[in-house]
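Biologist: I have a model open and would like to go through some of its contacts. Can we start with the strands and then move to the charged pairs?

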Protein chains: 2
Amino acid sequence: MTLPALNLSADPIDLTAALVDIASVSRDETLIADAVEAAIRDQLNGFEVLRQGNCVLARTDRGLPTRVILAGHLDTVPIVDNVPSRRTVTDDEGDVLHGCGTVDMKSGDAVFLHLAATLDEPAHDLTLIFYDCEEIAAEFNGLNAIERELPDWLRGDVAILGEPTAGQIEAGCQGTLRVRFTATGTRAHSARAWMGDNAIHKMGRMLTTLGDYEPRRVDIDGCEYREGLSAVAIHGGVAGNVIPDEVYVDVNFRFAPDRSPEQAYDHVREVFAADLADGTLTAAVTDSAAGALPGLANPAAAKLVEAADGKFRAKYGWTDVSRFAALGIPAVNLGPGDPSLAHRVDERVPVEQITEVTRILRSYLSTP
Amino acid sequence: MTLPALNLSADPIDLTAALVDIASVSRDETLIADAVEAAIRDQLNGFEVLRQGNCVLARTDRGLPTRVILAGHLDTVPIVDNVPSRRTVTDDEGDVLHGCGTVDMKSGDAVFLHLAATLDEPAHDLTLIFYDCEEIAAEFNGLNAIERELPDWLRGDVAILGEPTAGQIEAGCQGTLRVRFTATGTRAHSARAWMGDNAIHKMGRMLTTLGDYEPRRVDIDGCEYREGLSAVAIHGGVAGNVIPDEVYVDVNFRFAPDRSPEQAYDHVREVFAADLADGTLTAAVTDSAAGALPGLANPAAAKLVEAADGKFRAKYGWTDVSRFAALGIPAVNLGPGDPSLAHRVDERVPVEQITEVTRILRSYLSTP
């Protein structure tokens with residue numbers, strides 16, 4: 001198969017279309033990684049280039065005072081008749097590029113590649129990271145191997161992930177904690193209920209507590225984070241005529257990044273202290289991931305906010321941003337596309353957002 | 001295959017053993033029905049005999065003032081290496097007959113067959129009903145076809161079912177009602193919990209109500225019935241990061257037979273009136289069966305209690321007794337064997353209980 005050619009100097013709208021037209025569902029990124037690597041080697045000046053698996057890495061080392069990491073994944077969710085891309089202009093939506101990856105996140109990749117090729121005088125050293133397998137289970141994420149085997153490639157002063165944010169800086173991210181609360185009892189025939197001890201009935205107080213819980217809203221570096229404490233599953237029952245001896249509730253706590261996962265768990269235990277103290281419930285953590293402080297007070301990050309006309313907001317979902325935050329690097333999401341259109345058959349991006357994000361980042365990366 | 005011979009005049013302990021030795025798992029009752037039919041035709045005097053499917057029916061018509069129905073199922077739960085029967089005598093348990101059906105309920109069948117063959121002067125006309133498929137789903141129960149096609153065979157003044165009661169009269173039975181309570185909400189990503197409406201959290205009040213519920217105890221004809229209102233299942237949840245939009249709780253109400261199923265449902269709705277009134281919950285009946293009044297005030301039933309030395313108690317589970325009660329016939333369970341040993345691999349009956357139930361019923365059936 002001939003390698004598809006990518007023109008990095010072309011309009012990033014066209015470059016987005018060219019990237020979308022190279023299908024790259026997770027675990028099938030070899031062709032797009034080959035094309036990106038070839039374009040980088042051919043068209044970028046002054047970059048050290050490294051290929052590892054289906055990750056493509058490139059960086060300058062001009063001795064500039066700050067280093068900015070531009071990172072984007074190359075994979076997409078499965079294609080549903082929405083590749084190749086197509087472009088429409090309508091009265092309703094204006095000029096729009098359609099296709100799998102237009103939002104998540106080949107438009108972001110295109111902006112990064114285009115700027116690396118066309119910045120006349122970058123004010124920062126740049127590290128480009130294009131990686132694979134972001135859209136599937138976290139264990140396959142291409143950044144894992146980079147973090148493990150090439151940790152110095154993840155050093156920098158600011159990291160920008162090109163995930164869709166509709167062109168607005170989204171800073172930091174919430175942490176997430178899942179706790180399974182279990183109540184136990186004693187089985188009995190339901191015709192003789194008094195001989196048993198009904199586990200389901202014991203969940204009344206904890207669910208009432210959840211319903212009454214007032215989640216915290218907290219301002220960090222000018223970003224408002226809204227926490228949430230939610231039951232996401234409840235299951236119990238043996239048979240229609242049996243007093244059940246076990247029931248569990250899975251609770252998901254999305255917490256602001258000023259708490260560590262340990263502090264988050266302490267808080268959750270405090271919320272249900274009465275049920276835990278008297279043995280009604282037991283608790284076990286089933287999953288947790290740290291949040292990421294927005295870090296916008298950092299000078300290098302503050303300049304990025306300036307370039308974006310001071311507009312930014314908190315990120316709620318968990319993204320690879322927190323990986324950089326854990327390394328002490330201020331990290332933000334900034335990319336074209338409405339995140340609520342990601343993973344949809346009708347995924348599409350207004351092309352002006354690609355132009356706008358390119359403008360913001362060109363300004364930021366050119367300003368010392 | 002030669003038809004196994006049953007000697008109805010022999011000791012009912014031996015007759016129990018002979019019945020146990022004819023394997024008769026539900027849906028495989030032809031051989032035992034053939035054997036019972038042949039024995040009845042050969043050895044009983046003055047009985048009209050009818051075979052329908054694997055049900056065997058027999059009745060006298062001597063013009064006596066009262067008619068007693070003796071009914072027992074011929075099938076058992078699956079055999080687990082516990083057929084043929086065996087008899088042991090130990091210091092701990094005394095003289096015991098082991099095997100599948102010794103309790104549930106070939107010992108009861110044996111007592112009925114033995115008395116029909118050996119009563120010198122019955123004081124009541126007798127109707128014997130041996131039926132199939134009691135141990136599987138209610139729709140297959142052999143009594144259904146009899147009720148539908150031979151309703152006059154179910155007429156009588158008292159019905160005695162030989163289900164295991166350890167030789168003590170168990171009168172009437174509780175009714176049962178199952179109601180599914182559903183709460184609904186709105187899905188959202190758990191990172192933005194405030195955009196959703198968590199259905200699980202809405203179950204707090206109803207589960208607390210269930211936990212606080214004080215079930216009624218009521219005396220009917222000298223039998224104490226204890227009601228029970230129990231959650232038997234709860235299920236809700238979409239995914240670990242989604243605010244769930246639906247959850248249901250299945251509630252089982254076991255109610256004393258002084259309530260009809262309609263009254264029972266009214267009561268359940270009253271218990272959860274607050275949640276139903278404000279739309280937090282909706283309710284739907286998924287299953288219901290009427291209870292059976294003990295009916296021991298009826299003169300014919302009172303004499304049975306007298307023959308059992310005045311000992312009786314309420315029946316809690318639902319049995320075919322309620323089918324007769326629905327026809328206006330006082331009905332009780334009375335049979336050898338500890339019901340908690342039914343359906344167990346180590347099913348066994350102290351043989352003295354077979355002798356004792358035979359004695360009680362011989363006295364009752366001989367006394368005008």
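Biologist: Which residue in E15(B) does Ser230(B) stand opposite?
Modeller: Asn252(B). Keep in mind that this is a predicted model.

Biologist: How many bridges join strand E13 of chain B to strand E15 of chain B, and do they run parallel or antiparallel?
Modeller: Eight bridges join them, and the two strands run antiparallel. E13 covers residues 228–237 and E15 covers residues 246–255.

Biologist: What is the strand order in the open sheet of eight strands?
Modeller: The order is E16(A)-E9(A)-E15(A)-E13(A)-E13(B)-E15(B)-E9(B)-E16(B), with antiparallel pairing. Strand E16 (282–289) of chain A and strand E16 (282–289) of chain B are the edge strands, each pairing on one side only. On average, neighbouring strands are turned by 25 degrees against each other, direction ignored.

Biologist: Changing topic: how many salt bridges does the structure hold over all chains?
Modeller: There are 54. One of them joins Arg323(A) to Glu147(A), with the closest N and O atoms 2.9 Å apart.

Biologist: Why does that pair tie together parts that are apart in sequence?
Modeller: Arg323(A) lies in helix H9 (residues 321–326) of chain A and Glu147(A) in helix H4 (residues 142–149) of chain A, so the parts they tie together are 176 residues apart in sequence.

Biologist: Is Arg323(A) buried or exposed?
Modeller: Arg323(A) counts as buried, at 12% relative accessibility. Glu147(A) is partly exposed, at 29%.

Biologist: Which residue does Arg205(A) form a salt bridge with?
Modeller: Asp278(A), with the closest N and O atoms 2.6 Å apart. Arg205(A) is partly exposed at 38% relative accessible area, and Asp278(A) is partly exposed at 46%.

How values were computed: Residues numbered from 1 in each chain as written. Chains lettered and ligands numbered in written order. Predicted model: local features only at pLDDT ≥ 70, side-chain atom pairs only at ≥ 80, totals over all residues. Heavy atoms only, no water. Pairing = 2+ DSSP bridges. Helix = DSSP H or I, 4+ residues; strand = E, 2+ residues; numbered from the N terminus. Axes fitted to C-alpha atoms, helices over the stretch in contact; angles between N-to-C directions. Salt bridge = Lys/Arg side-chain N within 4 Å of Asp/Glu carboxyl O. Buried < 20%, exposed > 50% of the residue type's maximum accessible area, 1.4 Å probe, protein only.
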